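This report describes how parts of one protein chain pack together. The sequence and the structure are shown first.

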Amino acid sequence: MLDFSLSDEHKSLIDTAKRFTRERIMPVSAECDRESRFPIEVFKEAWELGLINPTVLAEYGGSGMGELENTLITEQLAYGCTGIQTSMLANGLALTPIKLGGNDAQKREYLGRLTAEPVLASYCTTEPAAGSDVAGLQTRFEQKGDEYVVNGQKCWITNASHANFYVVFATEDPSKRHRGIAAFIIDRDTPGVKVGKHEDKLGQRASDTAVVHFEEVVVKKQNLLAPAGQGFKLAMETFNQTRPDIAASATGLMQRCLDESVAYAKERKTF
């Protein structure tokens with residue numbers, strides 16, 4: 001018989017995330033939404049508590065939690081503000097392809113950065129003409145010796161303004177569709193990387209979203225995450241492993257809506 005009850009450790013994790021949400025996210029959420037501002041100071045406090053990057057393996061400095069634990073955290077943070085929660089846990093989207101496809105050196109360098117200090121990373125697939133259709137992306141790469149040159153644009157990228165590095169998907173030839181796509185890890189300070197306009201969104205305004213331009217960006221061979229033909233598969237498996245977060249976020253938001261509606265109904269006086 002299946003047992004869906006939570007362990008004491010799970011309950012403790014929920015209590016920690018719930019307390020943090022009520023004490024640190026809810027008091028600033030309305031202001032951050034109005035100002036379209038992600039509260040970096042709150043992110044750093046969440047990192048100190050272990051609520052950020054929970055799925056990084058222990059050998060790379062993480063706590064080695066699974067997706068269940070990640071969704072438990074997500075649900076509680078989303079109760080306070082789905083915008084702040086989205087940016088807080090977007091590292092999970094950026095680190096997952098490194099967990100799945102990276103070699104040991106890449107994992108030690110980039111997963112190690114995320115666990116050594118409170119920094120952000122971004123996952124870059126979406127483009128102006130390639131959103132849900134990842135196979136249609138137009139950002140190009142060309143191999144030159146032991147290096148690669150990347151040119152293109154990514155849009156609606158979460159945490160782009162603050163990211164320490166980007167996981168970028170590009171193609172050697174757009175006509176090859178999914179068969180031409182590769183993946184790279186590109187440091188923020190690489191020449192040719194330029195962060196563009198911060199998007200003034202209708203919702204989730206506390207989550208930073210911006211455009212990233214890649215102009216003749218030279219990427220060293222050691223930062224190739226997946227070769228041409230393997231990048232699309234890596235992107236899809238990353239989505240497979242991280243999409244439960246979206247459901248957890250929606251659950252936390254719906255619980256907040258229900259609680260606020262019940263509280264209002266109890267205090268409202270008609271006529």
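## Helix packing

H1 passes H3 in a right-handed crossing; a crossing is right-handed if the near helix is turned clockwise from the far one by less than a right angle, and left-handed if anticlockwise. The model is a predicted one, in which local features need pLDDT of at least 70 and side-chain atom pairs count only at pLDDT 80 or more, while totals for chains, interfaces and linings use all residues. Residues are numbered from 1 along each chain as its sequence is written, and side-chain values use heavy atoms, with hydrogens and water left out. Helices (H or I, at least four residues) and strands (E, at least two) are DSSP runs, numbered from the N terminus.

Two packed helices are described by the angle between their axes and the distance between the axes. Axes are lines fitted to C-alpha atoms, for helices over the stretch in contact, and angles run from 0 to 180 degrees between N-to-C directions. Helix H1 (residues 8-35) packs with helix H3 (residues 67-80) at an angle of about 25°, and their axes are 7 Å apart. H1 and H3 are therefore roughly parallel to each other. The limits are as follows: angles under 35 degrees count as roughly parallel, over 145 as roughly antiparallel, 65 to 115 as roughly perpendicular and the rest as oblique.

Contact means heavy atoms within 4.5 Å. On the side of H1, the residues that make the contact include Leu13, Ala17, Phe20 and Ser29, and on the side of H3 they include Leu68, Leu72, Gln76 and Gly80. By class, the contact of H1 with H3 has 11 nonpolar, five polar and three charged residues. Here Ala, Val, Leu, Ile, Met, Phe, Trp, Tyr, Cys and Pro count as nonpolar, Asp, Glu, Lys and Arg as charged, and the others, Gly among them, as polar.

How do H4 and H5 pack? Their angle is about 160° and their axes are 10 Å apart. H4 and H5 are therefore roughly antiparallel to each other, and H4 passes H5 in a left-handed crossing. From H4, Asn91, Leu95, Ile98, Lys99 and Gly101 meet Gln106, Lys107, Tyr110, Leu111 and Leu114 of H5. The residues of this contact divide into five nonpolar, three polar and two charged.

## Nonpolar cores

A nonpolar core is a set of buried Ala, Val, Leu, Ile, Met, Phe, Trp, Tyr and Cys residues joined through side-chain atoms within 4.5 Å. Buried means under 20% relative accessible area, exposed over 50%, and partly exposed in between (1.4 Å probe, protein chains only). The largest nonpolar core has 25 residues, and Ile98, Phe165, Phe169 and Leu225 have the most contacts inside it. Among the elements that give two or more residues to this core are helix H4 (82-101), helix H5 (104-116), strand E4 (163-171) and strand E8 (224-226). A second, separate core of 21 residues includes Cys32, Leu77, Met88 and Ala206.

What does Leu225 touch, leaving aside its neighbours within four places in sequence? The residues in contact with Leu225 include Pro97, Ile98, Val167, Phe184 and Leu234.

## Single residues

| Residue | Relative accessible area | Class |
|---|---|---|
| Ser29 | 12% | buried |
| Val168 | 0% | buried |
| Thr251 | 33% | partly exposed |
| Gly252 | 1% | buried |

Ser29 is found in helix H1. Not counting residues up to four places away in sequence, Ser29 touches Gly80, Cys81 and Ile84.

Val168 belongs to strand E4. Its contacts, leaving aside neighbours within four places in sequence, include Cys124, Lys154, Ala182 and Phe214.

Thr251 has its place in helix H7 (residues 244-267), and Gly252 lies in helix H7 as well. From C-alpha to C-alpha, Thr251 and Tyr79 are 8.2 Å apart in space, although 172 residues apart in sequence. With neighbours within four places in sequence left aside, Gly252 is in contact with Glu75, Ala78 and Tyr79.

Most residues other than glycine have a negative phi. Asn159, which is not a glycine, has a positive phi near 70°. Asn159 lies in the loop between strand E3 (147-158) and E4 and is buried, at 0% relative accessible area. Arg177 also has a positive phi, of about 55°, although it is not a glycine. Arg177 lies in the loop between E4 and E5 and is partly exposed, with a relative accessible area of 36%.
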